[in-house]
Amino acid sequence: MRERIATAAHAAARSPLDITLMAVTKTFPAQAIREAYAAGICLFGENYVQEFDEKSESMGSAALVGPDAAIHMIGHLQSNKAGKAVELLDGVDSVDSLKLAKRLDAAAATLADPSSPSKLPLPVLIEVNVGGEAAKSGLAPDSPELEALLLAAPALTHLHICGLMTIPPWDDDPEASRPYFRRARTLLDTIAARHLPGISMYVLSMGMSGDMEVAIAEGSTCVRVGTAIFGKRKLAPAQGGASTENTP
Ligand SMILES: *Cc1c(COP(=O)(O)O)cnc(C)c1O
């Protein structure tokens, strides 16, 4: 996997060190997380709070990985699960509404646990829906709600908004993702150039097992990889409801 990333980075005249590998562990057991961590992976993505709660036996990320690693939420998060997510996880890469951002900020404020200073402020990414698909979560690039979220950042003092996450429309041709990745990159640059208070734009999470090379060529700083590390997912996700998964 690292070789695939390195090859793609070199082809794009980028340093592989600028691209973080996130292992996506939805439907895989706690043991898979431990093994990947032992193999040197330090960032993990989970899609469902309840599934992760069961996997970690309500102990959260600390039970599964060391302090040098982090487990982030990457699936759609209902506002009423914000508290649980902040308690168990180390970041939320799928912030798709101002309401959720406010709930996470409030939850992080009450957590304020001095024994886990790494959790504060909580690192978050704004999920943007560059494909304009109705079934997918994420804020539209030119929506008033995205603008409202960006402008609300100074009040969200327990969040560290550090970039964008996006999932392009599913297509088995990785080249089909390129215009969407490019759009996300352009949006990131446009927001960064505004130097908004409370907003950093150094993380661009895009690219999965099938299209990470194209994502890296278009400026991804974090690829989210499940299948290419752990194999095909056999189980259905442990929890019903809207999934951000875009594979059939
Ligand atoms: C499942 C998932 C991935 C990983 O997809 P693979 O094709 O298995 O690499 C990445 N991002 C999100 C948001 C996902 O839900």
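Colleague: Which residues are the closest of those that surround the ligand?

Modeller: The ligand is surrounded by 13 residues, and the closest are Lys 26, Asn 47, Ser 209, Thr 227 and Arg 233. A residue counts as near a molecule if one of its heavy atoms lies within 4 Å of it. Keep in mind that this is a predicted model, where local features need pLDDT of at least 70 and side-chain atom pairs count only at pLDDT 80 or more, while totals for chains, interfaces and linings use all residues. Residues are numbered from 1 along each chain as its sequence is written, and side-chain values use heavy atoms, with hydrogens and water left out.

Colleague: How far is an oxygen atom of the ligand from the side chain of Thr 227?

Modeller: For a polar contact, look for a pair of N or O atoms within 3.5 Å. An N or O atom in the side chain of Thr 227 is 2.5 Å from a ligand oxygen. For Arg 233, a side-chain N or O atom is 2.8 Å from an oxygen of the ligand, and for Arg 224 one is 2.9 Å from a ligand nitrogen. Taken alone, the ligand exposes 390 Å², and the protein buries 97% of that; these areas use the Shrake-Rupley method with a 1.4 Å probe.

Colleague: Arg 224 belongs to strand E8; are the faces of E8 covered or uncovered?

Modeller: In a regular strand the side chains alternate between the two faces of the sheet. In E8 (residues 222–225), both faces are covered: Cys 222 and Arg 224 on one side, and Val 223 and Val 225 on the other, are all buried. Buried means under 20% relative accessible area, exposed over 50%, and partly exposed in between (1.4 Å probe, protein chains only). Helices (H or I, at least four residues) and strands (E, at least two) are DSSP runs, numbered from the N terminus.

Colleague: Which strand runs parallel to E8?

Modeller: Strands pair if DSSP finds at least two bridges between them. Here 4 bridges join E1 (residues 20–24) to E8 in parallel, with Met 22 opposite Arg 224. E5 and E6 are also parallel, over 7 bridges, and Glu 127 has Met 165 in E6 as its bridge partner.

Colleague: Which residues of helix H5 are buried?

Modeller: An α-helix has 3.6 residues a turn, so residues three or four places apart point the same way. In H5 (residues 98–111), the buried residues include Leu 100, Ala 101, Leu 104 and Ala 108. The buried residues of H5 pack against several elements, among them helix H4 and strand E6.

Note on methods: The expected span of a helix is 1.5 Å times one less than its number of residues. Contact means heavy atoms within 4.5 Å. A polar contact is a pair of N or O atoms within 3.5 Å; within protein, one must be able to donate a hydrogen and the other to accept it, and residues adjacent in sequence count only if both atoms are side-chain atoms.
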